[in-house]
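The sequence and the structure are shown first.

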Amino acid sequence: MTNRQAYELNKQIEALIDRKGIDPAAYTADEKAMLTQYSGYGGLDQFLEESNAGILYEFFTPTPIVKKMWGLALKLGFKGGEVLEPAAGNGVFLAQVPDRQYLERDAVVTAIEPQRYSYAIIRILYPEARAIQKVFEQQFIDERLNESVRGKVQPKYDLIIGNPPYGSIRGLTGGKYMNMGEKQYTKANAYDEYFIRRGIDLLKPGGILIYIIGSEVANGGVPFLQRGTTKAKEAIAEQAVLSDAYRLPNGVFDRTDVLSDIVCFTKKAA
């Protein structure tokens, strides 16, 4: 599919959602199949206005990679329970939740997604998930005081899995929450550090975090695993162990040749 075709298909899907809303019963099987082809706007900057720059970071994870990541979760001991997908996109991780036969109990997924249409697709295709329309960072902000709750969060998840944003915190939508104390607390300068740091805060002892994280090496980005010691990485190491990691070849994502790693962390016992 060309970039022009991908852009036009996205627009057709958005028009369908605008017309029919988020009731799953309103969609035919063919329409639901069409929704699964929503690809976001990463790499489609030639078709977008500058005001839409935030969605240029939408690169949804290829299904074979998602299957690999769920397989790693099982390998590392995930047996079911509470799961968080902190940047859910079009729901590809929800589509690949392991069958119950591989688990001791159901996997109950909370999916966080700020983009309107991606959130709607999750509601339509995966009504069993707890879908929340906001950015990941918002749950760490006391809205009454407009400041970070810092370390005061309740560990509740057995597994956190997904494809968080990458790059400098300053360059992405959501940076305002860093200025409310999140940056000071996490010491993160990049979004991969932030999502790992805060993800581990939300894990139960023994819980697993598995992310695919990218870096634009051609534009000066340094992969998380090669970045050397940072204050955020020191804080991560205090709470969790790097259980596994994989370097992927360039080009695994459509419309970008970003370098990607899969990283797996296990939270230390309390």
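Helix axes are taken here as lines fitted to C-alpha atoms over the stretch in contact, and angles between them run from 0 to 180 degrees between N-to-C directions. The model under discussion is predicted.

**Helix packing**

H1 and H5 pack with their axes 11 Å apart, at an angle of about 65°. Their crossing is left-handed. On the side of H1 the contact involves Ile13, Glu14, Ile17 and Asp18, and on the side of H5 it involves Arg116, Tyr117, Ala120, Ile121 and Ile124. Of the residues in this contact, six are nonpolar, three are charged and none is polar.

**Nonpolar cores**

The largest nonpolar core has 50 residues, and those touching the most other members are Ile17, Leu35, Trp70, Phe78, Leu159, Ile210 and Ile262. At least two residues of this core come from each of the helices H1 (3-20), H3 (63-75), H4 (92-95) and H5 (116-125), and likewise from each of the strands E2 (107-112), E6 (157-162), E7 (203-215) and E9 (259-267). Another core, of 26 residues, lies apart from it and includes Ile112, Met178, Leu209 and Phe224. In soluble globular proteins, nonpolar side chains tend to be buried together.

Leaving aside residues up to four places away in sequence, Ile210 touches Met69, Leu72, Ala73 and Leu76, then Leu159, Ile160, Ile161 and Gly162, and also Ile262, Val263 and Cys264.

**Strand E2 and its partners**

Strand E2 is mostly covered, with five of its six residues buried. E2 runs parallel to strand E1 (residues 81-85), to which five bridges join it. Thr110 of E2 is the bridge partner of Leu84. E2 also pairs with strand E3 (residues 130-132) in the parallel sense, over three bridges. In that pairing, Ala111 stands opposite Ala131 of E3.

**Positive phi values**

Most residues other than glycine have a negative phi.

| Residue | Phi | Loop | Relative accessible area |
|---|---|---|---|
| Arg150 | about 55° | between E5 (147-148) and E6 | 34% |

Buried means under 20% relative accessible area and exposed over 50%.

Terms used. Residues are numbered from 1 along each chain as its sequence is written. This is a predicted model: local features need pLDDT of at least 70, side-chain atom pairs count only at pLDDT 80 or more; totals for chains, interfaces and linings use all residues. Side-chain values use heavy atoms; hydrogens and water are left out. A nonpolar core is a set of buried Ala, Val, Leu, Ile, Met, Phe, Trp, Tyr and Cys residues joined through side-chain atoms within 4.5 Å. Buried means under 20% relative accessible area, exposed over 50%, partly exposed in between (1.4 Å probe, protein chains only). Helices (H or I, at least four residues) and strands (E, at least two) are DSSP runs, numbered from the N terminus. Contact means heavy atoms within 4.5 Å. A crossing is left-handed if the near helix is turned anticlockwise from the far one by less than a right angle, and right-handed if clockwise. Ala, Val, Leu, Ile, Met, Phe, Trp, Tyr, Cys and Pro count as nonpolar, Asp, Glu, Lys and Arg as charged, and the others, Gly among them, as polar. Two strands pair if DSSP finds at least two bridges between them.
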